[in-house]
Amino acid sequence: MNGTISNEAFDSASGAGSFDCTFPDGDATSDVAIQLEDSDGADSNLASKTVSIANVAPTVTLVGPTAANEGETKSYSYTVVDPGVDTFRLLTGYPTCGLNGTISNEVFDSASGAGSFDCTFRMATPHRMLRSSSKTRTERQQPGQQDCDHRQCRSDGNTGWPDRRQ
Ligand SMILES: [Ca+2]
Ligand SMILES: [Ca+2]
């Protein structure tokens, strides 16, 4: 039911044969079966195998520039390869332009999984500006701490932390 047959071969003298099955989409199961009759009209047993068809995770490829000047807008696009008959949805928070980018012009096709978006990049907030205002420092503390990886924390957020802890 969930498979398509091809390359059928059958030898009427011996009753032996072979065939290929293509399974277009998982997760699903499909019953592969054979039954035949002899020349006197007696039916054989039904021989069958239940096939478990596994879903395959999609692979997404992102295309776009890896360098930008501050204030510049760059365009990105992505395509999806998936062997199944699946549709797609974006995971929460994606696509993203990262900590120092702002996203715009988002396009997404749930049927193909393909899409595109623009990123406008800004310069990271300078060190001295963060130190000059405790209010600014507090506001930046919450989102910055959770999202940045180790390298970004050092260059971007290593500002008033020692002062605050002491
Ligand atoms: Ca699937
Ligand atoms: Ca799939």
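**Exercise 1.** Describe the open sheet of four strands: its order and its pairing.

*Solution.* The four strands of this open sheet are ordered β5-β6-β8-β7, and their pairing is antiparallel. Strands here are DSSP runs (E, at least two residues), numbered from the N terminus, and two strands pair if DSSP finds at least two bridges between them. At the edges stand β5 (59-63) and β7 (101-108), each pairing on one side only. From one strand to the next, the twist averages 20 degrees; axes are lines fitted to C-alpha atoms, and angles run from 0 to 180 degrees between N-to-C directions.

The model is predicted: local features need pLDDT of at least 70, side-chain atom pairs count only at pLDDT 80 or more, and totals for chains, interfaces and linings use all residues. Residues are numbered from 1 along each chain as its sequence is written, while chains are lettered from A and ligands numbered from 1 in the order in which they are written.

**Exercise 2.** Find how many bridges join β5 to β6, and which residue stands opposite Val 63.

*Solution.* Strand β6 covers residues 73-81 and runs antiparallel to β5, with five bridges joining them. Opposite Val 63 in this pairing is Ser 77 of β6.

**Exercise 3.** Decide whether Thr 50 is buried or exposed, and list what Thr 50 touches.

*Solution.* First, locate the residue: Thr 50 belongs to strand β4 (residues 47-53). Next, apply the cut-offs: buried means 20 or more other C-beta atoms within 10 Å, exposed 12 or fewer, partly exposed in between, with C-beta atoms placed from the backbone. Thr 50 is exposed because it has 9 C-beta neighbours inside 10 Å. Leaving out residues up to four places away in sequence, Thr 50 touches Thr 29 and Asp 31 (contact: C-beta atoms, placed from the backbone, within 7 Å).

Terms used
Two residues are in contact if their C-beta atoms, placed from the backbone, lie within 7 Å.
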